[in-house]
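Please look through the sequence and the model below before reading on.

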Amino acid sequence: PLVKDPGLQVYVNRVGRWVASNSERPNLRWTFGVIDSDDVNAFAAPGGYIFITRGLYSLLRDEAELAGVLGHEVAHVVKKHHLRLLQKSQAIDAGSKVLKKQMGDEKFAKKLIGSGAEILARGLDKDAEFEADRMGVVLAARSGYDPFGLPAVLQEISAASADNSAVALLFKTHPHPDERLSRLGTAMGSRF
């Protein structure tokens with residue numbers, strides 16, 4: 001469920017829509033929300049739905065950091081990362097059916113396909129995350145925010161222990177924040 005704080009929801013929507021209005025898809029019907037969860041995470045869904053957890057929101061120190069996080073998620077929608085992942089998943093499913101028929105040994109085929117699909121999906125996710133980081137920084141800057149908001153959030157998350165249950169899922173589904181910071185540092189250089 002969403003956090004039962006209408007003021008917070010309006011605020012996050014206002015910041016998110018401002019950042020999204022500076023993207024390549026300003027006319028999409030963007031919807032933002034803060035989910036009532038202690039986990040530290042944010043995610044986007046096709047169609048412009050973006051959610052941040054209360055746990056991540058509580059780590060943020062200012063509006064620039066919020067804009068950086070929301071810019072990262074807007075980038076996922078603009079670049080259609082989720083749609084591409086769904087298309088790849090469908091292609092893997094189709095390929096697995098053909099392979100199972102040809103191999104005959106269904107157990108071995110399932111193991112082979114499962115390992116390959118997992119490797120492919122994780123590779124796609126990493127690339128998508130790095131691209132969303134770069135684009136999120138640009139969107140925040142275009143919107144008038146400090147471009148170092150997202151890197152500051154990544155530093156905060158990096159300082160959290162991987163054993164911390166609130167960030168455990170984030171560490172499993174995203175590249176480590178230190179790697180993301182390194183890539184962002186290289187991409188940003190002295191441009192800002």
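Two residues are said to be in contact when heavy atoms of theirs lie within 4.5 Å. With that in mind, and remembering that this is a predicted model, we can begin with helix α6, which covers residues 149–159, and helix α8, which covers residues 177–188. Which residues of these two helices meet? From α6 come Leu150, Pro151, Leu154, Gln155, Ile157 and Ser158, and they meet Pro177, Asp178, Arg180, Leu181, Leu184 and Met188 of α8. Sorted by class, the residues in this contact are eight nonpolar, two polar and two charged.

To describe how two packed helices lie, one gives the angle between their axes and the distance between the axes. For α6 and α8 the angle is about 155° and the axes are 9 Å apart. Angles over 145 degrees count as roughly antiparallel, and α6 and α8 are therefore roughly antiparallel to each other. The crossing in which α6 passes α8 is left-handed.

Helix α6 also packs with helix α3, which spans residues 63–78, and here the angle is about 90°, with the axes 7 Å apart. This angle makes α3 roughly perpendicular to α6. On the α3 side the contact is made by Ala64, Glu65, Gly68, Val69 and His72, while α6 contributes Gly149, Leu150, Ala152 and Val153. Among the residues of this contact, five are nonpolar, three are polar and one is charged.

In the pair formed by Trp30 and Phe32, the ring centres are 6.3 Å apart and the planes lie at 20° to each other, an arrangement described as stacked. Are these two residues buried or exposed? Both Trp30 and Phe32 are buried. The rings of Phe43 and Phe51 have centres 5.6 Å apart, and their planes are at 40°, so this pair is tilted. Phe43 has a relative accessibility of 39%, and therefore counts as partly exposed.

The protein has 192 residues, of which 41% are buried. If we take the contacts between residues at least 6 apart in sequence, 61% of them join residues that are at least 24 apart.

Technical notes. Residues numbered from 1 in each chain as written. Predicted model: local features only at pLDDT ≥ 70, side-chain atom pairs only at ≥ 80, totals over all residues. Heavy atoms only, no water. Axes fitted to C-alpha atoms, helices over the stretch in contact; angles between N-to-C directions. Helix = DSSP H or I, 4+ residues; strand = E, 2+ residues; numbered from the N terminus. Parallel < 35°, antiparallel > 145°, perpendicular 65-115°, else oblique. Left-handed = near helix turned anticlockwise from the far one by under 90°. Nonpolar A, V, L, I, M, F, W, Y, C, P; charged D, E, K, R; others polar. Phe/Tyr/Trp six-rings, centres within 6.5 Å; stacked < 30°, edge-to-face > 60°. Buried < 20%, exposed > 50% of the residue type's maximum accessible area, 1.4 Å probe, protein only.
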